[in-house]
Amino acid sequence: MQILKLTFFCLATVLVTFLFSCQPPEAPTDLTQAPLIPQPVSVEATGTSFELTDRTVVCVQEGLENVGQYLADKLAPATGFELAVKTVDKAPSKRYIYLSLSGDNAELSNEGYELAISKNGVNITANQPAGLFYAIQTVLQLLPASIESGEKQAGLWKLASGTIKDFPTYSFRGSMLDVSRHFFSVGDVKRYIDLMAAFKMNVFHLHLSDDQGWRIEIKKWPNLTTHGGSTEVGGGEGGFYTQEEYADIVKYAQDRFITIIPEIDMPGHTNAALASYPELNCDGKATELYTGTEVGFSSFCTSKEITYQFIDDVVSELAALTPGPYIHIGGDESHATKKEDYLPFVNRAKEIVESHGKIMIGWDETAQAEIGANNLVQLWNNADFAKEAVGKGAKLIMSPATKSYLDMQYDSTSRIGLHWAAYIEVDTGYIWDPATLFPGIEKENIIGIEAPLWSETVTNMDDIEYLVFPRLLGYAEIGWSPATVRDWETYKIRLGQFAERMDAMEIGFYRSKSVPWAE
Ligand code: TNX
C-alpha cells in the first residue's frame, strides 16, 4: 500500500510538472520590467504586447533598407521567419515594425532613438540611422533570449508594449583589443565587433603594433609584417592583417556604426619594427624579435630623420585605409626614450598625423607634449597627466587601469589575466563614474570611456570571452546610461538575467559569484 501511494505520488508529480512545462510561456506585458543593458534613459509601459509572427513586415522609409535588412537578418535564424523588408511612406495599420528618421528631435541627438510598441506594431524613430541601429539592439533584448540562437527555436516572440526614449551619455563608447601580444584572426575580430555592437558600443581600438608583433601590412615597409609579424608572446607564429583584410574589418565595423581607431605605438613598444629595419635603431643594428612580456625597453631613434619618414609612410597608408577621424600613436611607457627626446618626438608625430587629415590620440603621457583642444588623451594610469591634457583643452578617453582594464584578473583565482593595477571583480568594474573618479576631471572634459583588453595572457577567443564578459556589459552601460539610472543593486539583477542570452550568443562568460545568475 505504502509503495502504491508513493508510486501514485510520483506519477502525479511527473504529470503536474509535465502539464506545467507545456503551458505556453507567458507573454511579457510590463515593459518597465524588461532587463535591458545598457539601461535606457526612460521606459513607460502600456500593459499589452506585440507579437512578431511570420506575417510581420519590416517597413522602412526610403534609404533605410540596409538597417531594415539587418533587423530581418537578425530575427531570421531563431524565428525561422523570412520577414519581407518593404519601403513605404508611412506605417501600415498592423503587423509591422516601422523604421523611420524624424530628424527633428534634438533631445535624441545623433545616436538616440524612440521605440513605441503597441499591440499593432512597433514604431522606431531616430534622427540618424545609428539611432535606429541601437533601437534594434533594444528590440532584440526585449525578445526572449533564444532570439540569439543560430537555430530555429519554438518561441512565442512577444514584446511588452510601451515607449522607450533613449540616448547615450557619452559619444565615445569603446573597447580595445591588443592583437600584437597575441594575434587574433579576422573572424575573431568580427565576433568582438558584433558583441560590442549588441551593447551599443561605437568605437573599436586596435592595438596594431608593440614589441612582440607588427600586425598591419605597410606596402612601403614590407618587413614589418613578414619579419615583425612572424611571432608573438610565447613564440607562436603570430600573423598580420593584409590591407584588404583591414579594410574588410573597417567596413564590417562601419556597417555596425563602429569607428575603428588604429594604434601604432611609439616611440617605445617598437621592438617588432626595430627588429625588421636596422636603420630605425640609433646603432643601425636590427634587434632580435621579442616574445616575452616585459615593457619599456625599446625606442625608435628619435634623432634620425629616417624615423620620421618611416612614421609618415606608415600613417599615410593607415590614414588612407581608415575612414574614422583618429590615429592613435600610443606614447606610453617610453622608458627607453629620454624625456627631452620624447616630447619633441610626440610633437612631430602629431604634425604627421594631422598632415594626413587625422586627429592624434595618445596615452596619458602624451599630455606633456604640445597638444591642443583638438587632441584626445587616453587616461590609463596617471590622472595628473590627464589633468594637464584638460588644462590644454584636450578631451579625455577614460580607461583607468584600476577600473576598466579587461586584462585584469577578477580575483586571485582567475585562470588568466594580470593584476598589476587591481583585481577587478564584476562589481568593481561597474561601480565607478568617469565624471567623479578623479577630482578636477569633470564630465565636460570627457568624450567617453574605453575598456582595453591587453593580450599578454590571452591566446584565443575563449580567453577573450572569459575576460571580456560579463564586464563589457558594465562598461557599455557606464558609457551609455545616465549616472542617475545606474546602480549596482539593480544592475546585478539585470545582468543575472542575461545569462541565458549570453549562453544563446555562445559567449563563454565568467560566472562571477557577485551576480545572481538566473538559470
Ligand atoms: C600597460 S596600458 C601597458 C600595456 C600592457 C598593459 C598590461 C598601457 C598604455 N601600457 O603595454 O599590455 O599594461 O595590463
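Visitor: Over the ring of which residue does the charged end of R173 sit?
Guide: This is a predicted model, with residues numbered from 1 along each chain as its sequence is written. Local features need pLDDT of at least 70 and side-chain atom pairs 80 or more, while totals for chains, interfaces and linings use all residues, and side-chain values use heavy atoms, leaving out hydrogens and water. A charge counts as over a ring if NZ of Lys or CZ of Arg is within 6 Å of the ring centre and within 35 degrees of the ring normal. For R173, at 5.5 Å from the centre, the ring is that of Y134.

Visitor: And how far from the ring centre of Y308 is R348?
Guide: Here too there's a residue over a ring face, with R348 lying over Y308. The distance from the ring centre is 4.0 Å.

Visitor: How many aromatic pairs are there?
Guide: Rings of Phe, Tyr and Trp (its six-membered ring) pair if their centres lie within 6.5 Å; planes under 30 degrees apart are stacked, over 60 edge-to-face, the rest tilted. By this rule the count is 25.

Visitor: What kind of pair do Y308 and F345 form?
Guide: Y308 lies in helix α8 (residues 305–321) and F345 in helix α9 (residues 339–355), so their pair ties together parts 37 residues apart in sequence. Helices are DSSP runs (H or I, at least four residues), numbered from the N terminus. The centres are 5.8 Å apart with 45 degrees between the planes, making the pair tilted.

Visitor: Is Y410, which pairs with Y510, buried or exposed?
Guide: The two rings are stacked, at 3.8 Å centre to centre and 25 degrees between the planes. They link distant parts of the chain, 100 residues apart. Buried means under 20% relative accessible area, exposed over 50%, partly exposed in between (1.4 Å probe, protein chains only). At 1%, Y410 is buried.

Conventions: Helix = DSSP H or I, 4+ residues; strand = E, 2+ residues; numbered from the N terminus.
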